[in-house]
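Please keep the sequence and the model in view as you read.

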Amino acid sequence: MIWARPLSSPDSAALWLRSSLTPEGVGLLRSGLEQHALVTGLDENARELLAELVGEHWVGGSGDAAIVRFSALALENWLPRLGRGPLGVALRRLADAHRPLHATTLGERSFAWGARTFVMGIVNVTPDSFSDGGRDVQASIEHALTLVDEGADLLDVGGESTRPGAAPVSEEEELRRVIPVIEALRARVPSVPISVDTRKAGVARQAVAAGAAVINDVSGLRDEAMLDAVAETGAHACVMHMQGTPETMQHDPRYDDVGAEVLDALEAALARAEARGVPRSRLWVDPGIGFGKTVAHNLLLLQRAGDLRLLGAPVLIGVSRKRFLGELTGVHAPADRIVASAATAAMLAAAGAVDLLRVHDVRATKDALAVADALRHARDGGARFHG
Ligand code: HH2
């Protein structure tokens, strides 16, 4: 697949927004602002086509990759000449990456993507989750209510640990764990949307029947039965990237270009779901931090998280208490990784790279996001720049 990934963010244009120019003036400046893009996956034909198309905007390249300069204005000129081939699709995605996404409505709640970063509180009904295992059904319900009090925007209920090497759980056992929790939360906090964290289509279907609005599938809709469950229940789905399976994923994960390979896999999963009749507006994407990735892979994916905008879907990321944070900080106990987790959440939010964060520690994350979201939307406060 060809991907054209921006090498600098158009948000560097935020400075212009502080100026006293009219909105039209700002628009003009933005459309002419030049950035660089890394284009990969080019075969010989596509490479020639690109070189001819961009002319003096060609910076260099080798093998299947090239770097080109572009502006919004230049893209608008190039696109009509490309049609619907893979290069046209890649450049169209680049042009659209910063278009605001349509809001998502889940029950009584509306998620206006871009307005702020939303928080998904983790409710693990498992004996063996890596950081917070050990809660039974009743304790999980109480915990979920605490997360709601702390400001969780939605709750992710899971009954099977996916930590590396975790033992698989039968469908009956997973249902016995998650369904009573979902039913109780539906009754006690009906306005808070619920997502079910499962790889099993049968669990997903029963969870939706019990009131879940989102299916969070860490195996990325690989299973045909799960695709049917998403299509037929009308639920939203989060499609996560994972290399391998939880049993084996941390045995020497390898990529040539982790960013492009995660984009390829997520796009393929979105396309499979769309082919089953699930519109992209019902799908979220997640790079799957820690799922078949080394520390270096995780860091690169977080640094380049903005590239996921090319997929045209809300971006969910889970870094909370994860092992790579322990490796970077030297903090061994997952429950002591709250500061590192909240700081990472804040960096992603301030960069505008994430729409939802999946977290164990809602209060700490909300504090960090209050600052990060404000920073992201900051405008000059001086009298000269009102409005
Ligand atoms: N991480 C975990 C589980 N589910 N779902 C999404 N979409 N993204 C993630 O990053 C993600 C996820 C692992 O965290 P946790 O639930 O705390 O652990 P365990 O799998 O051991 O229950």
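## Terms and model

Helices (H or I, at least four residues) are DSSP runs, numbered from the N terminus. A cavity is found on a 1 Å grid over the protein atoms alone: it is a set of points where a 1.4 Å probe fits but cannot get out. A pocket is an open set with protein on both sides within 12 Å along at least five of seven lines. Lining residues have an atom within 4 Å of a point.

This is a predicted model, in which local features need pLDDT of at least 70 and side-chain atom pairs count only at pLDDT 80 or more, while totals for chains, interfaces and linings use all residues. Residues are numbered from 1 along each chain as its sequence is written, and side-chain values use heavy atoms, with hydrogens and water left out.

## The ligand site

The ligand sits in the second largest pocket (more than half of its atoms lie within 2 Å of the pocket's grid points). Around the ligand are 18 residues (each with a heavy atom within 4 Å of it). The closest are Ser-129, Ser-161, Asp-286, Lys-322 and His-360. By class, this shell has six nonpolar, seven polar and five charged residues. Ala, Val, Leu, Ile, Met, Phe, Trp, Tyr, Cys and Pro count as nonpolar, Asp, Glu, Lys and Arg as charged, and the others, Gly among them, as polar.

Which side chains make polar contacts (pairs of N or O atoms within 3.5 Å) with the ligand? Asp-286 places a side-chain N or O atom 2.6 Å from a ligand nitrogen. For Asp-197, the distance to a ligand nitrogen is 2.9 Å. His-360 has a polar side-chain atom 2.7 Å from a ligand oxygen. Taken alone, the ligand exposes 480 Å², and the protein buries 98% of that (Shrake-Rupley method, 1.4 Å probe).

## The largest cavity

The structure holds two cavities of 30 Å³ or more. The largest has a volume of about 60 Å³ (the space filled by probe spheres set on the points, which are joined across faces, edges and corners).

Its lining includes Gly-259, Val-262, Leu-263 and Arg-304. Helix H10 (residues 258-275) gives the most to this lining, with three residues. The lining divides into five nonpolar, one polar and two charged residues.

## The second largest cavity

The second largest cavity holds about 40 Å³ of space. Among its lining residues are Ser-320, Ile-338, Val-359 and Asp-361. Helix H13 (residues 338-350) supplies the largest share of this lining, four residues. By class, the lining has four nonpolar, three polar and one charged residue.

Definitions and conventions:
Polar contact = N/O pair within 3.5 Å; in protein donor to acceptor, adjacent residues only side chain to side chain. Helix = DSSP H or I, 4+ residues; strand = E, 2+ residues; numbered from the N terminus.
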